[in-house]
Amino acid sequence: MTSTPPLAGPGPDAGTAGGGVLGEPLARRRSRLRTWLLLEAGAVALGYAVAVLRDGAPATGGAWALVAAGAVAVAVPLWVKSRRELRQETDTRSAETLAIEIDARLRLIVGDVVTPIAEVVGRVHQTSGKAERESLRGQLKQLVVEAAANLCDGERARAVFFQLERSEMRAAAWFGRGEPPTTVFTDGPGDRRGQEALLLVRFHDYLLVDDVRGEELPRGAEPRPGASYRSFISVAVFCGEQNLGMLSVDAPEPHAFDDTDLNVMRAMAQLLGAGLVDHR
Amino acid sequence: MMRGQVVPEEARAWTAGLLLATDYFAHARREAVAKASAAIRGRLHRAAGVSSEDRGTSR
């Protein structure tokens, strides 16, 4: 890695305490609300003090009971109001945070990933030299697995592109693991997982599994013994009638991926297919 | 007015293999959150402004 862009350092919103990713801290808003409630309570107390100064302090038990009842009558609505307003404020903040998360994700996917990868796909087809084209294709495979692992929601998500060559699929690019993946999918009679994976590619399908241990899986989709992942998405990589391989992302926790991740994977697989397809 | 590069420098650095994916995505995520935050706040602010104007005109 080098030099070029100034990537280090906090973002524009960093250092805003109490507000998470957001600007005005929740603590400040809450303290404003509390100040307002205190002012209201203070006004009531002042009214009571003025009454005491004018008419004297309560002298009898009945008068004290009246004061206590008045205090409760004031305190209960104040307490209920403060609880309700704080809850409304928290709900508003949650909706705002959610909206920001969704908007940020959209920006990340469309602006920071799909746009530059599409440019690389274009360059693959513009290049005339075979060696240079293969180099760009290698780069594209790596970019796609990096994007898949970083865009899908799972924590510690890993992504692999298995390239199809002569009825076998081997890992051609991967991200998020220390060791290179060793799985080879074949259509040999003893390789049920391989057969299913090759069928998925042939039929241009995808498969999302929420929990490999928690749900009944189609035959051939079971993890190999000792596998550490719990959820995964596998998507066929193809362009037109040309089958190119399978893009997979997995995570060690169950239910790590949702519909949005699946759509991200479909888009990544199609971008990859567009870059790897041969001219006919 | 807004003007900028379709594929910015940092994205080019990532696609050229000059920048690690982890660094690129950490930066991109921070930027995206900051911009999204400003955009959503702006929209909420404008919506609040419009609704208070509506209240004013309906009286």
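This is a predicted model: local features need pLDDT of at least 70, side-chain atom pairs count only at pLDDT 80 or more; totals for chains, interfaces and linings use all residues.
Local features were required to have pLDDT of at least 70 and side-chain atom pairs pLDDT 80 or more, while totals for chains, interfaces and linings use all residues. Residues are numbered from 1 along each chain, chains are lettered from A, and side-chain values use heavy atoms, without hydrogens and water.

Chain A contains five helices and six strands, assigned as DSSP runs (H or I, at least four residues, for helices; E, at least two, for strands) numbered from the N terminus. Along the sequence their order is α-α-α-β-β-β-α-β-β-β-α. Of the 280 residues, 38% are buried (under 20% relative accessible area; exposed is over 50%, partly exposed in between; 1.4 Å probe, protein chains only). For contacts (heavy atoms within 4.5 Å) between residues at least 6 apart in sequence, 58% join residues at least 24 apart.

Strand 4 (residues 206–209) includes Val209(A), which is buried at 2% relative accessibility. Beyond four places in sequence, Val209(A) touches Glu215(A), Leu217(A), Arg230(A), Ser231(A) and Phe232(A).

Val72(A), Val76(A), Trp79(A) and Val80(A) make a nonpolar surface patch of about 390 Å²; patch residues have over 30% relative accessible area and no salt bridge, with nonpolar side chains joined within 5 Å and like charges within 9 Å. Val72(A) belongs to helix 2 (residues 61–126). A negative patch comprises Glu101(A), Asp153(A), Asp258(A) and Asp259(A), with Asp and Glu counted as negative and charges placed at CG of Asp or CD of Glu. Asp153(A) occupies the loop between helix 3 (130–151) and strand 1 (158–165) and is partly exposed at 47% relative accessibility.

Over all chains, 15 salt bridges were found (a side-chain nitrogen of Lys or Arg within 4 Å of a carboxyl oxygen of Asp or Glu). In one of them, Arg41(B) pairs with Glu96(A) at a closest N and O separation of 3.0 Å. Arg41(B) lies in helix 2 (residues 21–58) of chain B and Glu96(A) in helix 2 of chain A, so this pair joins two chains. Arg41(B) is partly exposed at 24%, whereas Glu96(A) is buried at 5%.

Within chain A, Arg105(A) and Asp261(A) form a salt bridge (2.6 Å, N to O). This pair links helix 2 to helix 5 (residues 259–276), across 156 residues. Arg105(A) is buried with a relative accessible area of 19%, and Asp261(A) is buried at 0%.

Definitions and conventions:
Accessible areas come from the Shrake-Rupley method with a 1.4 Å probe; for residues, only the protein chains shown count as cover.
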